[in-house]
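Subject: Structure handover

Hello,

Here is the structure, with my notes below it. Please read them with the model open.

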Amino acid sequence: MSSPGSYISELTSLLGPSCVSVEEPVLAVHSTDKWFASARPDVVVFAERTEQVSALFKFASERRIPVTPRGAGVGYVGGCVPLQAGIALSLAKMNRILEINEADGVAVVQPGVITGDLQKAVKERGWFYPPDPASLKECSLGGNISTNAGGPRCLKYGVTRPYVLGLEAVIPDGTILRAGGRCHKNKTGFDLVGLFTGSEGLLGVVTEATLRLIPHPPLRAMLSVGFATFAEAAAAVQRILGSGHLPSALEITDSFTLRAARDYVGDSVPEGEAHLLVEVDGQENTVPLELKAIESLLRGLGAVSISAAVGDAECEKFWTLRREFSYSLRATGLIKLNEDIVVPRGRLVELVSFASKLQEESGFPVACFGHAGDGNIHVNVMVADMEDPVQREKAEVALDRLFHHVLALGGAITGEHGIGIAKKRWFPEAIGAGAMEVHRRLKAALDPLGILNPGKFVP
């Protein structure tokens with residue numbers, strides 16, 4: 001591999017000085033994401049168009065220089081940490097919405113567009129881009145595609161993948177490919193769109209995406225519901241779905257998270273030791289009826305408090321509180337190891353019971369909240385100091401127990417954050433030997449020199 005001093009001037013000549021930086025603050029920002037791991041790149045490249053990404057990859061391949069792609073840097077698994085130094089490739093400047101076509105029901109975007117900005121732009125035209133990660137005001141669509149990101153609305157609308165109709169990507173030898181298109185149905189060849197969606201920057205870099213839009217629901221409404229126990233709240237989730245309702249979101253929160261939120265936010269946090277958020281959307285004449293029916297159902301199930309919200313502005317007040325849960329946990333002063341595990345929906349109570357036991361045995365607080373409707377719960381192991389070798393080892397033991405328990409329940413080790421570095425050690429067990437070998441073959445086929453996002457979960 002070429003030394004940094006021998007290639008940075010060449011790289012600057014190739015791409016232009018505005019696209020290349022070795023300034024220390026820039027290198028520091030591109031050393032990490034929201035996880036605790038950090039590794040300093042030699043240089044940061046800010047791509048502005050697809051041809052630059054292609055030229056960069058050809059340059060890096062010839063010199064065998066590692067390239068680590070990066071979106072907005074708000075991931076939780078160290079997926080954009082440049083473990084082997086080299087080049088950190090930022091897509092942040094490729095941030096234009098190229099087209100919103102209502103007749104075709106598509107938006108064409110560059111990867112650096114912030115998810116919430118696209119949602120706002122299409123909503124102004126009466127259209128809807130449903131995927132909604134909690135970080136939607138700061139995460140990028142390229143990063144969403146890279147991790148196949150989810151969010152609360154997954155229950156009704158699904159994760160990112162169903163909304164990616166087509167994409168342009170660059171693979172490590174510099175080849176530019178286009179897959180899919182702007183048709184809402186397309187079965188032409190292998191599903192290359194699906195291959196790149198969720199690939200976490202290990203196979204190529206998406207430089208443009210054509211996304212599916214749907215009509216925006218005219219009305220949304222919500223219930224904020226307190227329960228005396230988590231078991232009662234989890235049982236209510238099953239009853240709602242079993243009664244023929246399909247909310248757009250069903251969020252559940254445990255007692256530890258609620259206590260942290262009460263300390264951080266104040267009295268606006270609902271009563272009870274467990275909490276449900278239920279959102280429904282649809283036509284203006286049907287949403288109030290469905291909301292009333294679900295409220296009646298929940299009162300019959302022993303809810304200790306229920307508040308209702310109708311319309312975007314009122315619903316956003318509930319969602320603002322929900323988004324504060326993560327910040328409330330950070331405000332405890334502890335490091336939040338945020339694990340986005342998934343279990344079959346019927347085993348939510350088992351999961352939270354295990355989390356309570358894990359808390360007692362490990363000595364670390366464990367907070368659970370998340371997307372109850374699809375079994376995707378954020379289990380947060382709260383650690384005082386990951387730099388302390390003793391605490392770090394204890395935390396690793398706790399995570400090991402958590403992931404093995406989740407797999408024993410028939411669950412998955414990640415629902416939306418991805419594998420990155422954080423879950424690398426459990427990945428082979430999670431997918432099995434046969435699937436692991438296929439992952440290796442795909443990686444070797446598209447990145448035979450192993451220069452793209454090296455050191456992550458596929459060697």
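Seven strands make up an open sheet with antiparallel pairing, in the order 15-12-14-13-17-18-16. The edges are strand 15 (305-310) and strand 16 (335-342), each of which pairs on one side only. From one strand to the next, the twist averages 15 degrees. Strands are DSSP runs of E, at least two residues, and helices are runs of H or I, at least four residues, both numbered from the N terminus. Two strands pair if DSSP finds at least two bridges between them.

This is a predicted model: local features need pLDDT of at least 70 and side-chain atom pairs pLDDT 80 or more, while totals for chains, interfaces and linings use all residues. Residues are numbered from 1 along each chain as its sequence is written, and side-chain values use heavy atoms, without hydrogens and water.

Back to the sheet. Strand 13 and strand 17 run antiparallel, joined by three bridges. I252 has G370 in strand 17 as its bridge partner. Helix 12 packs on the sheet and touches strand 16, strand 17 and strand 18. Its direction makes about 160 degrees with that of strand 17. Helix 11 lies across strand 12 (219-227), strand 13, strand 14, strand 15, strand 16, strand 17 and strand 18. It runs at about 45 degrees to strand 12. Axes are lines fitted to C-alpha atoms, for helices over the stretch in contact; angles run from 0 to 180 degrees between N-to-C directions.

Next, helix 9 (255-264). Its buried residues are F256, T257, L258, A260 and A261. Buried means under 20% relative accessible area, exposed over 50%, and partly exposed in between (1.4 Å probe, protein chains only). Their cover includes strand 13 (249-253), strand 14, helix 11 (312-330), helix 12 (348-362), strand 17 (366-371) and strand 18 (376-383). Just after helix 9, G266 has a positive phi of about 115 degrees. V265 sits in the loop between helix 9 and strand 14 (274-282). V265 counts as partly exposed because its relative accessibility is 34%.

Now strand 8 (residues 164-170). Seven of its seven residues are buried, so the rest of the structure largely encloses it. It runs antiparallel to strand 10 (residues 205-212), with six bridges. V164 is the bridge partner of L211 there. Five bridges link strand 8 to strand 9 (residues 176-180), also antiparallel. A169 is bridged to L177. The two strands form a hairpin with five residues between them, and G174 in the turn has a positive phi of about 95 degrees.

Y157 belongs to helix 6 (residues 154-157). Y157 is buried, at 13% relative accessible area. Beyond its neighbours within four places in sequence, Y157 is in contact (heavy atoms within 4.5 Å) with F128, P130, Y163, I214, P217, S248 and D281.

Best regards
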